[in-house]
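Reader: I would like to go through this model with you. Could we begin with the contacts between charges and rings?

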Amino acid sequence: MEVKQGAKVTKGIIFAGCSFTWGQGLYYYSNLPTLKEPPPDAYNSNLLTNSHIRFMQSVRYPRIVANHFETFECVYPGNGGSNEGAIEWWEESFASLAPGKNVNSFHVEGIDYREISYVVFQLTQWQREHFILQDSKERHDIAFHQVGEPPLSDLFVKHLEEKNITLEEWLDAYKRKGLKNVKRFLMNCESNGVKTLLFTWPPEYIDLIKEDEWLAERFITFDYNGNSYPSIHDLMDHDRWNPKGNSELTIKWDVDNFDETPKDHHPSLKCHQVMAENVIRRIESDMEKSI
C-alpha cells in the first residue's frame, strides 16, 4: 500500500514515566458516584472501575498532547514504576516486533519505531532503581533504605569499605549511572528515527542533565504564571517556589475543584494541563527549527 502523495503521515508519541505520567488521582475529577478513596497517598487498583480509568486517560497530559497534534499516545498501562522499568518496558515493546524476536516476558504490546515520532521521558525517583550487589557467593537485591539512608545494611557498608568510597560518592555515581541508562535508551530511539525529549519530577537530576550537552538540548522545563520551573517537584512545591500560589497543582490542595480534597499528592488536573502546554510548546519549537 502506498500513502497518497502529500497526505499527512500520522505517527504516535510515547510517554514514558511513573504515576505522574500514568495519571494517578485524575479519576477523582470525574465526579462519578462509584469513586472510592484509598488511605492517604495510597493506590488500590481494586477500587478503580473501567470508567475511572477511561476518564483518567482522557484528561492526562499524554492525551492532551496527542490531541493537539492530532495523533495517538502510547503509555505504559501500569501505575508507577522506575526509570529502569520504563526503559525495559519500551525496549521490550520495540524488540517484540524485531525480525526473529518473540518477546512477551513483560506482556508488552509490540510497537515499531517507524510508527512513533517522539518519546517523551519523565524521570522518576532514582530510589526506585534496584541495586544488585554481587559477592563471592550470591547476588543481593538491596532495598533503597538499606543503601541510601542510615541505618545501612552491613552488607552495603562492607561494599563501601571495599570500594573505598563514601556514601555520598556512591549516591552520586548511582544517580549518574541511572541517568546514563536513560540517555542510552533515548539515543537508541533517535538512531531509529524517533525524536526524544525528557523532563524530571525529582530535582536531583537537574544539575546532572545540565552537565550533559546532549540531554540538556532535549530537556523540558515548565513555565507557569510568569515563573519558570526546572522540575515537576519545583512546579508543585508552592512553599519553596511560590508561597502565594501553585497549590492548585496538587490534588490534595486543589480546593477549587473539591469541597473535601482527596488525600493524594499527585499532579492535579490543572497540573497535567500545564505539563501538556509546556510539552506541546517544546515540540512545536523543535518543529519550527527543523523547517
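Author: Lys252 lies over the face of Trp253, 3.9 Å from the ring centre. A charge sits over a ring if NZ of Lys or CZ of Arg is within 6 Å of the ring centre and within 35 degrees of the ring normal. This is a predicted model, in which local features need pLDDT of at least 70 and side-chain atom pairs count only at pLDDT 80 or more, whereas totals for chains, interfaces and linings use all residues. Residues are numbered from 1 along each chain as its sequence is written, and side-chain values use heavy atoms, with hydrogens and water left out.

Reader: Which ring does the charged end of Arg218 sit over?

Author: That ring belongs to Trp214, and the charged end of Arg218 is 3.7 Å from its centre.

Reader: How many aromatic pairs are there?

Author: The count is 13 aromatic pairs. Rings of Phe, Tyr and Trp (its six-membered ring) pair if their centres lie within 6.5 Å; planes under 30 degrees apart are stacked, over 60 edge-to-face, and the rest tilted. Tyr61 and Phe199 form an edge-to-face pair, with 5.9 Å from centre to centre and 65° between the planes. Tyr61 is in helix α3 and Phe199 in strand β6 (residues 195-200), 138 residues apart, so this pair links distant parts of the chain. Helices (H or I, at least four residues) and strands (E, at least two) are DSSP runs, numbered from the N terminus.

Reader: Are Tyr61 and Phe199 buried or exposed?

Author: Both Tyr61 and Phe199 are buried. Buried means under 20% relative accessible area, exposed over 50%, and partly exposed in between (1.4 Å probe, protein chains only). Together with Phe15 and Phe222, they form one aromatic cluster.

Reader: Where are the buried residues of α3?

Author: The buried residues of α3 are Tyr61, Pro62, Val65 and Ala66. They cover an arc of only 135° around the axis, which puts them on the same side of α3. The arc is that of the directions from the helix axis to the C-beta atoms. Glu70 follows α3 and has a positive phi, near 55°.

Reader: And which residues of α2 are buried?

Author: In helix α2 (residues 50-59), the buried residues are His52, Met56 and Val59. Their arc around the axis is only 75°, which places them on the same side of α2. The face turned away from the buried side carries the exposed residues Asn50 and Arg54.

Reader: What do the buried residues of α2 pack against?

Author: They pack against α1 (19-22), α3 (61-68) and α11 (269-290). Contact means heavy atoms within 4.5 Å.

Reader: Turning to the largest nonpolar core, how many residues has it?

Author: The largest nonpolar core has 37 residues, and those with the most contacts inside it include Ile14, Phe121 and Leu123. Such a core is a set of buried Ala, Val, Leu, Ile, Met, Phe, Trp, Tyr and Cys residues joined through side-chain atoms within 4.5 Å. Its largest share, nine residues, comes from α6.

Reader: Finally, how many helices and strands does the protein have?

Author: The protein has eleven helices and eight strands. Of its 291 residues, 47% count as buried.
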